Amino acid sequence: MGYTNYWKQPTDFTDEEWDAVVREFKYVCDMGEDYIERVEVRGSTKDVMIDYISLDCVGCETFYINKRAEDSASFCKTSARIVDIYIWHMLTFCQMIKEDFTCSR
């Protein structure tokens with residue numbers, strides 16, 4: 001049994017907030033490299049904003065956060081593995097730096 005992590009992001013991250021999220025994400029991925037199968041960090045193009053971060057782990061759904069606001073609540077299920085702490089860390093980090101970002105389990 002693992003966790004289902006939920007989060008809401010009603011507004012876009014600012015450029016400064018997003019830069020901090022990406023830096024923290026890279027740090028977390030470096031720490032958990034033995035447990036994380038795939039990491040993706042996408043940036044903006046000149047015409048289209050496609051900023052997002054995602055990771056895949058064994059026993060975990062794809063974890064994905066977008067710079068742009070999401071219309072509905074997002075979630076990611078984990079299977080009581082070491083990656084639980086990495087995902088929860090990222091969510092609480094986002095909640096710490098972004099006033100209207102909320103997360104729960």
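Mentor: Start with Lys67. In this predicted model, Lys67 has a relative accessibility of 7%. The cut-off for buried is under 20%, so Lys67 counts as buried.

Now look at its partners. The side chain of Lys67 meets that of Asp15 in a salt bridge, at 2.3 Å from N to O. This pair links distant parts of the chain. Asp15 sits in helix 1, while Lys67 sits in the loop between strand 4 and strand 5 (74-77). The two residues are 52 apart. Asp15 is partly exposed, at 47% relative accessible area.

Asp51 is another partner. Its salt bridge with Lys67 has the closest N and O atoms 3.9 Å apart. The cut-off for a salt bridge is within 4 Å, so this pair counts as one. Asp51 lies in the loop between strand 2 (36-42) and strand 3, and Lys67 in the loop between strand 4 and strand 5. The pair therefore ties together parts that are 16 residues apart in sequence. Here both residues, Asp51 and Lys67, are buried.

The structure holds four salt bridges. One of them joins Asp100 and Lys98, at 3.3 Å from N to O. Lys98 is buried, at 4% relative accessibility. Asp100 is partly exposed, at 26%. Back at Lys67, the shared partners join Asp15, Asp51 and Lys67 into one network.

Next, the fold around these charges. The protein chain has two helices and six strands. Along the sequence they run β-α-β-β-β-β-α-β. Of contacts between residues at least 6 apart in sequence, 59% join residues at least 24 apart.

Then the nonpolar part. In soluble globular proteins, nonpolar side chains tend to be buried together. The largest nonpolar core here has 25 residues. Those with the most contacts inside it are Trp7, Val21, Ile53, Phe63, Ile65, Leu91 and Phe101. Helix 1 (15-31), strand 3 (52-57), strand 4 (60-66) and helix 2 (83-97) each supply at least two residues of this core. Helix 1 also holds Asp15.

Trp7 is worth a stop. Leaving out residues up to four places away in sequence, Trp7 touches a set that includes Phe63, Ile65, Leu91 and Phe101. Cys76 and Cys103 are also among the residues it touches.

Finally, the whole chain. Buried residues make up 40% of its 105 residues. The chain exposes about 6300 Å², and carbon and sulfur atoms supply 49% of that area.

Methods:
Residues numbered from 1 in each chain as written. Predicted model: local features only at pLDDT ≥ 70, side-chain atom pairs only at ≥ 80, totals over all residues. Heavy atoms only, no water. Helix = DSSP H or I, 4+ residues; strand = E, 2+ residues; numbered from the N terminus. Buried < 20%, exposed > 50% of the residue type's maximum accessible area, 1.4 Å probe, protein only. Contact = heavy atoms within 4.5 Å. Areas by Shrake-Rupley, 256 points an atom, 1.4 Å probe, with all protein chains shown as cover. Core = buried A, V, L, I, M, F, W, Y, C linked by side-chain atoms within 4.5 Å.
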